[in-house]
Amino acid sequence: MRTYENYIAGTWVSSSGGLTYSSINPADTGEVLGHFQESSAKDLDQAVTAAQTAFWEWSAVPGPKRADVIFNLLPILERRAEELQDLITKEIGKSLREAGGEVKKTIQAMKQFSGEGSRIDGETLPTMDPELFGYTIKEPLGVGGVIAPYNFPLGIGLWKIAPAILAGNTVIFKPAENASLVSVKIMEMLEEAGLPAGVVNMVTGTGSIIGKAIGEHPDIKAVSFTGSTQVGEELEQAVTARGGKVQAEMGGKNPAVILEDADIDQAVDSIVTSGFLDNGQRCTGTSRLLVPESIYAEVVDKLTEKAASLIIGEGRGDNVDNGAIIDEKQTAKYEEFIASAKEEGAVIHYGGRRLTEGGLGSGYFVEPTVVTNVTTDMKIAREEIFAPVIAVIQVKNYEEALSVANETYYGLSSTIYTNDLKKSFDFIRNIQSGVTHVNMPSTYFENQFPFGGKKHSSKGPREQGSTALDFWTDYKTVYVKA
């Protein structure tokens, strides 16, 4: 089995300590996909030095020329799409359909980013002195850190790296340990696209060592992170304490509201997409479903029927809807939430089991789960699970639904299903989430729009869209007198 190395200064190098860890196929835990460097703070220092050396030359390259790397990446992604789809399925456990969707979204994102190098704009403003010319320019920060999660290993890795390097920064990339092989492919493709040595450096290892070291390193000027709220807020404290910038996309407990006038079949289909598919391992996934009493039983019955119809299996199997979830830790968390729901008086209406029959015993497979009789004080209604579990909460009316929807520590995504235009816009105005939808899955997004949440779901400027480069740049104000 191959051992993969860190990528520093354009070269593949072993870690200083020589330790490695394995990435496995979550659908078949006996299949090891590769061994990777269990790096130390010393290895991170080496990568930072390489990034600092590359920064001065890279930041001097005009923005449109820097964007050529992203433009060159597009045909590489398209040519390797099937390979990447298959690898994401093997390493993360997604179905081929969901993995293919990630590849497609990544290509769309790179198309949008490939034009951003020409749009690094400032502004001119009138001055009090007619002999003065005043304007602003955006400058890169220096070395940035990118800490990516496992659930969208290709997409999130690249849509953090792309704006950072387009703005003229250099990057230290730390992928999730259980997405290491996909991340190696990212580095291979960036190198093929013409990225100069040292502009992006990948250091693999644990969050407790490499993630912590990135947060504390005085020469890393900004850190973009996606992951749990607890880790993100700890990282924020470490980075801001030394004067750095933080962009953190974190957890969600995203509500969906179905009202009486909605197309219930269409709404339930959307809830299945946002709550169950990808094994519920999306930060924007629907995990709370708020339904008025008059249609509660109908919605529960239809949602249960859909949950029961989903095909669970190895992600490359025919017509598979959900593959394996990521690892034993996440499987145990799923089981813990099911047990907690039962103890607190909720009803496991459907699902709630780890699946081992039919050849699934060698992987981390769980049932899509519908939980009823849920009240807002229960753990299952308040904490993020990151698994295919939907808690259905009965409400009296729209007003109570909105109140319950906002009764959360998080504020990432939301959706409402209704044909009432007045209530749609009232929901848009009053829901406390950074992204919201009407008659659509809570997971829907397009890269040209800013992405981020409120409350404890996000920190710092938005990712993606017209705001993507804001985090990675700083303003300089210029006054010129002839």
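This is a predicted model: local features need pLDDT of at least 70, side-chain atom pairs count only at pLDDT 80 or more; totals for chains, interfaces and linings use all residues.
Residues are numbered from 1 along each chain as its sequence is written. Local features need pLDDT of at least 70 and side-chain atom pairs pLDDT 80 or more, while totals for chains, interfaces and linings use all residues, and side-chain values use heavy atoms, with hydrogens and water left out.

The unreviewed UniProt entry puts an "active site" at Glu249; such annotations may be inferred rather than shown by experiment. Glu249 sits in strand S11, residues 245-249 (strands are DSSP runs of at least two E residues, helices of at least four H or I, numbered from the N terminus). Glu249 counts as buried because its relative accessibility is 2% (buried means under 20%, with a 1.4 Å probe and protein chains only). Among the residues it touches, beyond four places away in sequence, are Phe225, Gly227 and Glu463 (contact means heavy atoms within 4.5 Å).

Now for the pockets. A pocket is an open set of points on a 1 Å grid over the protein atoms alone, where a 1.4 Å probe fits, with protein on both sides within 12 Å along at least five of seven lines; lining residues have an atom within 4 Å of a point. The largest pocket holds about 1300 Å³, a volume being the space filled by probe spheres set on the points. Its lining has 40 residues, with Phe225, Gly227, Ser228, Val231 and Lys329 nearest the centre.

The second largest pocket comes to about 530 Å³. Of its 27 lining residues, Lys105, Phe152, Arg282, Thr443 and Phe445 lie nearest the centre. Helix H4 gives the most to this lining, with five residues.

Conventions: Buried means under 20% relative accessible area, exposed over 50%, partly exposed in between (1.4 Å probe, protein chains only).
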